Amino acid sequence: MRIYDTGTGPQREPEPDHAEAQHAARVREHIAAAVRGAGGWIGFERYMELALYAPGLGYYSAGARKLGAGGDFTTAPETSRLFGACLAQQCAEVLIEAHRGSILEIGAGSGRLAGDLLEFLEAAGTPPRRYLILEVSADLRERQRAHLQARLPRFAGIVEWLEAPPPDGIDGVILANEVLDALPVTRFRWDGAALEELGVGLGDGGFAWSARPAGAVLDAHCRVLRAAAGSAWPDGYESEYCPRVAPWTAAVTGALREGAVLWFDYGLPRAHYYLPQRDQGTLLCHYRHRVLDDPFVRPGLQDISAWVDFTALAEAGSAAGFEVAGYTTQAYFLAGTGIDAHLRELAGADAHRAARLGNEARRLMLPGEMGERFKVMAWTRGFDRPLSGFALRDLRHTL
Ligand SMILES: C[S@@+](CC[C@H](N)C(=O)[O-])C[C@H]1O[C@@H](n2cnc3c(N)ncnc32)[C@H](O)[C@@H]1O
């Protein structure tokens with residue numbers, strides 16, 4: 001198995017402790033029962049859904065630590081307050097127009113971004129009317145609550161956790177950082193003449209990839225993906241696509257009346273995502289800050305994700321009645337929302353702090369780090385003012 005950690009070369013694979021190993025065994029048995037119950041085969045989308053979201057068992061449903069030093073991965077808001085400072089600037093532009101609108105954050109992780117946004121927006125004189133959080137993980141909800149209670153008790157009256165997307169109208173901003181990549185994906189293989197769906201069966205050593213002829217819906221969809229790639233896929237080409245992008249995004253953004261939706265994630269436009277040379281797809285697993293490529297080990301203990309097809313996301317936005325108002329890289333978004341000025345302001349006269357923030361800014365912005373892999377897309381409804389995050393470089397023409 002390939003195993004690496006950015007910049008440090010091959011590493012020894014981290015081992016789960018006894019309790020974790022027992023948890024993984026329970027998750028494995030739960031999924032194996034689903035495979036047996038389905039006659040010996042489930043699609044990968046179902047496998048990923050169970051591994052991430054099975055009640056009380058899945059990676060996001062049970063108590064794994066996930067974010068931060070003791071967890072599995074580090075996100076942009078965990079890397080630096082500069083991310084929140086820039087995003088607050090973008091939110092302020094919308095909240096002012098929406099007459100002190102609200103923010104809905106989807107998948108709020110440790111709660112750090114929520115805390116940063118509330119602090120920066122308050123300092124700018126544009127606090128949101130309400131800060132709503134839609135979070136699937138019960139333990140992360142508790143972590144968010146504890147973080148915000150300890151850090152910003154004065155905001156207790158406006159922060160609210162939702163069980164489901166809000167049914168009533170919201171004016172303001174809906175945002176999600178690194179949530180779309182967790183939506184379960186369908187895996188497929190092209191054998192040069194026909195398409196197969198890659199699913200999961202049971203082999204001697206546990207779960208094993210198992211192929212079936214693709215159904216008509218998957219076949220038709222992959223024809224579109226193949227055409228977007230511009231040249232033929234080689235025999236054995238494997239990749240994935242996310243059938244849930246349109247229905248899920250429509251459900252979680254449907255309440256927005258006036259304002260913007262901001263999506264941050266790693267991904268590519270369709271024509272690049274499905275290039276023939278990207279012949280193993282983009283599935284990634286994270287476990288204790290290592291990136292691994294086998295989704296069948298440690299089910300329930302490791303995160304499983306796939307890159308986002310931003311063309312599909314733009315299509316979903318248009319279908320849901322939004323205008324796709326901007327698409328750019330994280331680096332250009334942060335530059336457009338004034339990361340240099342925020343760095344100077346946060347550093348003040350402290351040279352050590354300036355150096356630390358400089359390092360954090362490089363992690364967020366350099367092409368080999370998060371700067372180019374991560375993209376930002378804005379959807380708007382009833383809002384037609386320019387958004388500064390997309391002013392420096394708008395890449396919508398690549399979608
Ligand atoms: C990779 S973490 C990112 C956390 C945070 N946005 C950040 O940038 O630090 C993914 C977050 O999305 C949540 N999540 C995953 N799937 C979700 C879903 N379908 N609906 C709502 N939240 C979800 C997870 O529990 C977690 O809080």
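How far does a polar side-chain atom of Tyr53 lie from a nitrogen atom of the ligand?

1. The separation is 2.6 Å, which falls under the polar-contact criterion (a pair of N or O atoms within 3.5 Å). The model is predicted, with local features needing pLDDT of at least 70 and side-chain atom pairs counting only at pLDDT 80 or more, while totals for chains, interfaces and linings use all residues. Residues are numbered from 1 along each chain as its sequence is written, and side-chain values use heavy atoms, without hydrogens and water.

2. A side-chain N or O atom of Thr75 is 2.6 Å from a ligand oxygen, and a backbone N or O atom of Gly109 lies 3.0 Å from a ligand oxygen. The protein buries 95% of the 590 Å² that the ligand exposes when taken alone (Shrake-Rupley method, 1.4 Å probe).

3. The ligand is surrounded by 19 residues (a heavy atom within 4 Å). Tyr53, Thr75, Gly107, Glu135 and Asn177 are the closest. By class, the shell holds 12 nonpolar, five polar and two charged residues; Tyr counts as nonpolar and Gly as polar.

4. The ligand sits in the largest pocket (more than half of its atoms within 2 Å of the grid points). A pocket is an open set of points on a 1 Å grid over the protein atoms alone, with protein on both sides within 12 Å along at least five of seven lines. The space in the largest pocket is about 690 Å³, taken as that filled by probe spheres set on the points.

5. The lining of the largest pocket comprises 37 residues (an atom within 4 Å of a point). These divide into 20 nonpolar, six polar and 11 charged.

Note on methods
Polar contact = N/O pair within 3.5 Å; in protein donor to acceptor, adjacent residues only side chain to side chain. 1 Å grid on protein atoms, 1.4 Å probe; cavity = no way out; pocket = protein on both sides within 12 Å on 5 of 7 lines; lining within 4 Å.
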